[in-house]
Amino acid sequence: MLEIKNLSYNVDEKDAQKDILKNVSLTFEDNKIYVITGPNGSGKSTLVKLIMGLLKASDGQILFDGKDITNLAINERANLGISYAFQQPVTFKGLKVRDLLDIASGEKNNVDKLCEYLSTVGLCAKDYINRPLDDKLSGGELKRIELAMVLARKTKVNIFDEPEAGIDLWSFDNLTNIFSSLNNCNIIVSHQKKILDIADEIILIKNGQLIAQGKPEEIYPLLEGNTCHRLRGENG
Ligand SMILES: Nc1ncnc2c1ncn2[C@@H]1O[C@H](COP(=O)(O)OP(=O)(O)OP(=O)(O)O)[C@@H](O)[C@H]1O
Ligand SMILES: [Mg+2]
């Protein structure tokens, strides 16, 4: 179980301090799918980066299975069992797809196993296992490879920041099936209804604050409200 308590993140701007995340407290239980949603710039990526340790919290606490991980480095959190897939995947010069999957799973995989990981994310293994992880891969291909890497790690907590970005609509059902089949705690940042639909709980973030948390049917009316406000050009 992952718990965040009164988590805040602020940065120094010219004259004042800017609060990007304000006093957010949440509990993420095992074997559940949490989808974090909210307007662009509301603090969703910041929240998940704080959980992974990519950013350092200004205030508050993060507990993982009761252990305080607030001051642990990224690799220490990864070793405890937290995985993270970026909104914009990173490339690794000199590394091939198969190397990445071997590193992720912590063992040398045979072709059948590599094929299993890659076909789960809709890639034909023989075309990809020896491909270098460079910018010649398309955005969608990189997203899928990153997803395969998270699958190979088999960690307790998986964080995905907008996994749907760049994935063609035809593959969407497969993507949601992958999340539904993962037996651990999945925290997914998304704007997509099809992903919101598979959530056990939706977490709504707005202006750096936790606005609501609940089952999709409880949260959907609030999202419709948000859209109307934004379409009408109102603030907030
Ligand atoms: N280091 C920083 N300095 C100043 N502002 C920052 C910094 N990092 C993030 N921000 C701002 O904090 C806000 C939240 O950013 P964040 O990336 O968490 O948004 P998001 O909810 O993930 O948005 P999106 O849906 O567009 O991905 C944004 O307005 C962003 O510009
Ligand atoms: Mg984001």
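View 1. Of the 236 residues in the protein chain, 35% count as buried (20 or more other C-beta atoms lie within 10 Å of the residue's own; 12 or fewer makes a residue exposed, anything in between partly exposed, and C-beta atoms are placed from the backbone). This is a predicted model, in which local features need pLDDT of at least 70 and side-chain atom pairs count only at pLDDT 80 or more, while totals for chains, interfaces and linings use all residues. Residues are numbered from 1 along each chain as its sequence is written, and chains are lettered from A and ligands numbered from 1 in the order in which they are written. The secondary structure comes to 9 helices and 10 strands (DSSP runs numbered from the N terminus: H or I of at least four residues for helices, E of at least two for strands). The radius of gyration of the protein chain is 18 Å, close to the 18 Å that the globule rule gives for 236 residues, so the chain is as compact as a globular protein of that length (the radius is taken over C-alpha atoms, and the rule is 2.2 Å times the number of residues to the power 0.38). Along its principal axes, the C-alpha trace spans about 50 × 40 × 35 Å.

**View 2. The shell around ligand 1.** Look here for V11, K18, I20, G38, N40, G41, S42, G43, K44, S45 and T46, which surround ligand 1 (a residue is near a molecule if its C-beta atom, placed from the backbone, lies within 6 Å of it). β2 (17–28) and α1 (44–52) each supply at least two residues of this shell, and the largest share, 3 residues, comes from α1. By class, the shell has 2 nonpolar, 7 polar and 2 charged residues (Ala, Val, Leu, Ile, Met, Phe, Trp, Tyr, Cys and Pro count as nonpolar, Asp, Glu, Lys and Arg as charged, and the others, Gly among them, as polar).

**View 3. Strand β6 and its partner β7.** Strand β6 (residues 82–85) is covered on both faces: I82 and Y84 are buried on one side, S83 and A85 on the other. β6 pairs with β7 (residues 157–161) in the parallel sense over 4 bridges (pairing requires at least two DSSP bridges). Within β7, N158 is the bridge partner of S83.

**View 4. L55 in its loop.** L55 sits in the loop between α1 and β4 (59–64). With 17 C-beta neighbours inside 10 Å, L55 counts as partly exposed. Leaving aside neighbours within four places in sequence, L55 is in contact with Y9, T46, K49 and L50 (C-beta atoms, placed from the backbone, within 7 Å). Y9 is 46 residues from L55 along the chain, and their C-alpha atoms are separated by 8.6 Å.

Notes:
Two residues are in contact if their C-beta atoms, placed from the backbone, lie within 7 Å.
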